[in-house]
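Student: I am new to this protein, and I would like to learn how its features are read, one after another. Could you take me through them slowly?

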Amino acid sequence: MGFVLLLYIYHMKCHFIFKELQNDIFKWTSNQMRLWNEVSTLILFAVVFLVILKNAFNWIYGVIGIFVLAGLLMLGIRIYKRMRNKNPEL
């Protein structure tokens, strides 16, 4: 239930960011917005893992899996950023 509450808080923060953007207030860079977008992926992954696989695996594997997923997402963002800096037309 903690992750569901965390997802609700994430949703509320997204609503505040949306309201700021409607008022032409840009506090976040595009890279920060990409990272913020991946937070929901991590939370949803954790929720699904806990619901579906809670009896099949040890919780340590779940924590390791979340960190591996987070690392892969960060790596993907860095690779995309490098590609975008080399070719601004992307």
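Student: Where does Asn-37 lie?

Tutor: Helices (H or I, at least four residues) and strands (E, at least two) are DSSP runs, numbered from the N terminus, and in this predicted model Asn-37 belongs to helix H2. Residues are numbered from 1 along each chain as its sequence is written, the model is predicted, with local features needing pLDDT of at least 70, side-chain atom pairs counting only at pLDDT 80 or more, and totals for chains, interfaces and linings using all residues. Side-chain values use heavy atoms, leaving out hydrogens and water.

Student: Is Asn-37 buried, exposed or partly exposed?

Tutor: A residue is buried under 20% relative accessible area, exposed over 50%, and partly exposed in between (1.4 Å probe, protein chains only). Asn-37 has a relative accessible area of 45%, so it is partly exposed. Its C-alpha atom is separated by 9.8 Å from that of Tyr-10, which is 27 residues away along the chain.

Student: Which aromatic cluster includes Tyr-10?

Tutor: Rings of Phe, Tyr and Trp (its six-membered ring) pair if their centres lie within 6.5 Å, and planes under 30 degrees apart count as stacked, over 60 as edge-to-face and the rest as tilted. Tyr-10 forms one aromatic cluster with Trp-28 and Trp-36. The whole structure holds 2 aromatic pairs; one of them joins Trp-28 and Trp-36, which are tilted, with 5.6 Å centre to centre and 55° between the planes. Trp-28 has 27% relative accessibility, so it counts as partly exposed.

Student: What is the phi of Asp-24 near, and where is its place?

Tutor: Most residues other than glycine have a negative phi. Asp-24 is a residue other than glycine with a positive phi, near 60°, and its place is in the loop between helix H1 (2-22) and helix H2 (30-53). Because its relative accessibility is 60%, Asp-24 counts as exposed.

Student: How many helices and strands are there in the protein, and how spread out is it?

Tutor: The protein has 3 helices and 0 strands, and from the N terminus on its elements run α-α-α. The radius of gyration is taken over C-alpha atoms, and the globule rule is 2.2 Å times the number of residues to the power 0.38. For 90 residues that rule gives 12 Å, whereas the protein has a radius of gyration of 16 Å, well over that value, so it is more spread out than a compact globule. Along the principal axes, its C-alpha atoms fill a box of roughly 45 × 30 × 15 Å, and buried residues make up 16% of the 90 residues.
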